Amino acid sequence: LEGLKRFVETNRLRPEQFRFKWLGEIIGVERLRETIDGMGLAPFIEYYGQVPHRRALETLVQSDVALIVQAPQDTMHIPGKIYEALGARTPILYISPPFEGTEIIERTGAGLHGPHDPEAVRRMLARFKAHYEQGGPWPYREDEVRSFDRDAFLGRITKLFDQAIHDHATPPA
């Protein structure tokens, strides 16, 4: 939130120029709304709380950027939202320590990632803003994104199963 505040202040943005749609809950963050109000960010944030998955996907597809925040100590779980944003071709702002999730972002060109640091967040938001102002689609690496496609995955797993069945059925020499 401090990075968002710095971005808004540095660019002298008004709420009609920048809107953050907050869907879902954040567990473990006490007094979130009071913090947002106290930082002066409330006019920039539309808070929806829990919404049906279909609505969340519709919002994702219509968004300029998807924000995914990974807990600093969580380097085991890759959020499913990464794959949904890849499918929607919505660029991702991924705040996370380096691990496999951030490697997916780099490999696919799916967006920007950085640490839980306000200045890093401000810089990433500035890069998204500059890209948006230049126009054009986000430069995904489509060949890498396709490797996460359901059909491509099913093809790979089918080959593995076929090989396992073949290896099991073939008597040793």
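The exercises below concern a predicted model.

**Exercise 1.** Determine which residues have the most contacts inside the largest nonpolar core, and which elements supply it.

*Solution.* Step 1: The largest nonpolar core has 35 residues. Step 2: Those with the most contacts inside it are Leu4, Phe18, Ile45, Ile82, Leu86, Ile92 and Tyr94. Step 3: Several elements each supply at least two residues of this core, among them helix H1 (2-10), strand S4 (92-95) and helix H6 (118-134). Step 4: Leaving aside neighbours within four places in sequence, Ile82 is in contact with residues including Ile68, Ile92 and Tyr94.

**Exercise 2.** Decide whether Thr102 is buried or exposed, and state what it touches.

*Solution.* Step 1: Thr102 lies in helix H5. Step 2: The relative accessible area of Thr102 is 2%. Step 3: Buried means under 20%, so this residue is buried. Step 4: Not counting residues up to four places away in sequence, Thr102 touches Tyr94, Ser96, Pro97 and His113.

**Exercise 3.** Describe the salt bridge of Arg6 with Glu2, and that of Glu142 with Arg89.

*Solution.* Step 1: In the salt bridge between Arg6 and Glu2, the closest N and O atoms are 3.4 Å apart. Step 2: Arg6 and Glu2 are separated by about one helical turn, because they are four residues apart in helix H1. Step 3: Glu142 and Arg89 meet through their side chains in a salt bridge of 2.8 Å, N to O. Step 4: This pair links distant parts of the chain, with Glu142 in helix H7 and Arg89 in the loop between H4 and S4, 53 residues apart.

Methods
Residues numbered from 1 in each chain as written. Predicted model: local features only at pLDDT ≥ 70, side-chain atom pairs only at ≥ 80, totals over all residues. Heavy atoms only, no water. Core = buried A, V, L, I, M, F, W, Y, C linked by side-chain atoms within 4.5 Å. Buried < 20%, exposed > 50% of the residue type's maximum accessible area, 1.4 Å probe, protein only. Contact = heavy atoms within 4.5 Å. Salt bridge = Lys/Arg side-chain N within 4 Å of Asp/Glu carboxyl O.
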